[in-house]
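Hi everyone, thanks for coming. Let me put the model up on the screen, and then I'll walk you through a few places in it.

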Amino acid sequence: MSKRVKIIGVPMDLGAGRRGVDMGPSAIRIAGLNSSISLLGYEVTDAGNVHVHPPEAIAELNPRARYLPQIASASEELAALVEAGLDNGELPVVLGGDHSIAIGSAAGVASIYRKRKHHIGIVWLDAHADSNTPETTPSGNIHGMPLAALLGYGLKELTHVAGFAPKVLPENTAVIGARSVDPGERELLRSLGVRVFTMSELDERGMGEVIAEAIEVASLNTIGFQVTMDMDFIDPFYAPGVGTPERGGATYREGHLAMEKLSESGRVLAVELTEVNPVYDTANQTAQLAVEMILSALGKKIF
């Protein structure tokens, strides 16, 4: 893992059903992210934020994929920033924003390694599968579609960010913590053979064992993997400041263990933290927890 970090904010809430996650990058920075990463021994560069139009300033044209042109444009910009950081030897740390931003971040990671003849994997920590398409979506919200887009399913504006698809193969995709999955998502992921670790399986096997298998999945014949966490992966008791809370999520320590084990693998190519919504938070505690999760993914340990 590089000892140089590039922080990129994406104040995106166009993909979500509730307003507020556009403030997530600021809340995470205010919680001390940059200085905390520096204390781990990293050289930190903050690239600022990707430009995202507020919904009040634009028209919603497609009810099956709301704000599609603006999300696609921001994804292209994010992909270029992520790829440039990796090309410069920096580890991207991407701050959301809603989880639609993963379309751009993973595109940037996949693009640079594709040019080097490598595949990447992805570890997706989330209460939801985020694998709808415009045909299966119950809401039209694109934050429910990014994983499908990265696998090559959905609208071309999303699947072909950075000019190619898919970004990741099903056999290198691990979803952890799922506890709210739509019928269309279930059908797609099952048909592709994507490894989905539900919360029920996590309860039975334990986080350590699940993460070990997820690392194997995301590492098989790849150069490494992107880690992307939706904060609703964590139970709302610990992380109330999210747009789509689902009871029965990972505990505080399970979240840390997941990120610690992923870091210890030595195969993390980029880290992404999404869906921090200060509107629903209490005293910025979810943003503070987001900082802790990122630090664990970057190698912070208890001892």
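Let's begin with one residue. Leaving aside neighbours within four places in sequence, Glu201 is in contact with Arg195, Val196, Gly206 and Val210; contact here means heavy atoms within 4.5 Å.

A bit of housekeeping before I go on. This is a predicted model, where local features need pLDDT of at least 70 and side-chain atom pairs count only at pLDDT 80 or more, while totals for chains, interfaces and linings use all residues. Residues are numbered from 1 along each chain as its sequence is written, and side-chain values use heavy atoms, with hydrogens and water left out.

Back to Glu201, which sits in helix 8, residues 199–205. When I say helix or strand, I mean DSSP runs numbered from the N terminus: H or I of at least four residues for helices, E of at least two for strands. Is Glu201 buried or exposed? Its relative accessible area is 16%, so it counts as buried. The cut-offs are under 20% for buried, over 50% for exposed and partly exposed in between, with a 1.4 Å probe and protein chains only. The side chain of Glu201 also has a polar contact of 2.7 Å with the side chain of Arg205. A polar contact is a pair of N or O atoms within 3.5 Å; within protein, one must be able to donate a hydrogen and the other to accept it, and residues adjacent in sequence count only if both atoms are side-chain atoms.

There's another glutamate to look at, over in helix 3: Glu83. With a relative accessible area of 16%, Glu83 is buried. Not counting residues up to four places away in sequence, Glu83 touches Gly108, Ser111, Ile112 and Lys115. Which of these does its side chain meet in a polar contact? That's the side chain of Lys115, at 2.6 Å.

Now please turn to helix 7, residues 183–192. Its buried residues include Gly184, Glu185, Leu188 and Leu189. Looking down the axis of helix 7, the buried residues fall within an arc of 120°, so they line one face of the helix. The arc is taken from the directions from the helix axis to the C-beta atoms. What do these buried residues pack against? They pack against helix 5 (146–150) and strand 6 (195–198). On the face turned away from that buried side, helix 7 carries the exposed residues Pro183, Glu187, Arg190 and Ser191. After helix 7 comes Gly193, with a positive phi near 80°.

Next, a pair of helices. Two packed helices are described by the angle between their axes and the distance between the axes. For helix 9 (residues 207–219) and helix 10 (residues 252–264), the angle is about 35° and the axes are 10 Å apart. Axes here are lines fitted to C-alpha atoms, for helices over the stretch in contact, and angles run from 0 to 180 degrees between N-to-C directions. Helix 9 brings Met207, Gly208, Ile211 and Ile215 to the contact, and helix 10 brings Glu254, Leu257, Ala258, Lys261 and Leu262.

Over to Arg64, in the loop between strand 2 (43–49) and helix 3 (68–87). Arg64 is partly exposed, at a relative accessible area of 38%. Apart from residues up to four places away in sequence, Arg64 touches Pro134, Glu135, Thr136, Thr137, Gly140 and Met145.

Last, some backbone details. Where is Gly97? In the loop between strand 3 (91–96) and helix 4 (102–115). A cis peptide bond joins Gly96 to Gly97, with omega about 15°. The bond from Ala165 to Pro166 is cis too, with omega near -5°, and Pro166 lies in the loop between helix 6 (156–159) and strand 5 (173–178). Ala162 is also found in the loop between helix 6 and strand 5. Ala162 is not a glycine, yet its phi is positive, about 75°. Asn284, in the loop between strand 8 (268–274) and helix 11 (285–297), has a positive phi as well, near 60°.

That's my tour, thanks!
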